[in-house]
Amino acid sequence: MNQSDKSLKVRDYMAPSTPITVPWSHDLKEIDKVLEEKKANFVGLVKDNEVVDVVTKDDVEKVKGYPKLAGPGSLGADGEWMVGAAIGTREQDKERLEHLVKAGVNVVILDSSQGNSSYQL
């Protein structure tokens, strides 16, 4: 929104809204249904009383265009999304790896640059 009056605060022209959330266990069809019903552009995914992700209308539309993204290859045996992350080979990446494992990441990719780095040793 382009506002020429620079004295206005964001709260002066933003419409108040109530956050829309759904349980983490909702699949894309359920999320899409909520987005349509609420006429919303995004919804927060809640797990253990904490928002852990946000899914936008655009996200849902992209997956609709590529249905294999929502297929069994993207979901773990527990029915939840599989998540991957990449880390480097430097010393500080070990701490990131620990956090990723504690968070339940399904796969970790080691990014070893061009293969001629002293950090690979």
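Colleague: Which residues form a nonpolar patch on the surface?

Modeller: Patches take residues with over 30% relative accessible area and no salt bridge; nonpolar side chains (Val, Leu, Ile, Met, Phe, Trp, Tyr) are joined within 5 Å, like charges within 9 Å. A salt bridge puts a side-chain nitrogen of Lys or Arg within 4 Å of a carboxyl oxygen of Asp or Glu. Here Phe-42, Val-51 and Val-54 form such a patch, with about 280 Å² of accessible area together. Accessible areas come from the Shrake-Rupley method with a 1.4 Å probe; for residues, only the protein chains shown count as cover.

Colleague: What kind of model is this?

Modeller: This is a predicted model: local features need pLDDT of at least 70, side-chain atom pairs count only at pLDDT 80 or more, and totals for chains, interfaces and linings use all residues. Residues are numbered from 1 along each chain as its sequence is written, and side-chain values use heavy atoms, with hydrogens and water left out.

Colleague: In what order do the elements run?

Modeller: Helices (H or I, at least four residues) and strands (E, at least two) are DSSP runs, numbered from the N terminus. The protein chain has four helices and five strands. From the N terminus on, the order is α-β-α-β-β-α-β-α-β.

Colleague: Is Asp-32 buried or exposed?

Modeller: Asp-32 counts as buried because its relative accessibility is 14%. Asp-32 sits in helix α2. Contact means heavy atoms within 4.5 Å. Beyond its neighbours within four places in sequence, Asp-32 is in contact with Lys-57, Val-60, Glu-61 and Lys-64. Across the protein chain, buried residues make up 20% of the 121 residues.

Colleague: What is the phi of Asp-48?

Modeller: Asp-48 is not a glycine, yet its phi is positive, about 55 degrees. Asp-48 lies in the loop between β2 and β3 (50-56). With 72% relative accessibility, Asp-48 counts as exposed.

Methods: Buried means under 20% relative accessible area, exposed over 50%, partly exposed in between (1.4 Å probe, protein chains only).
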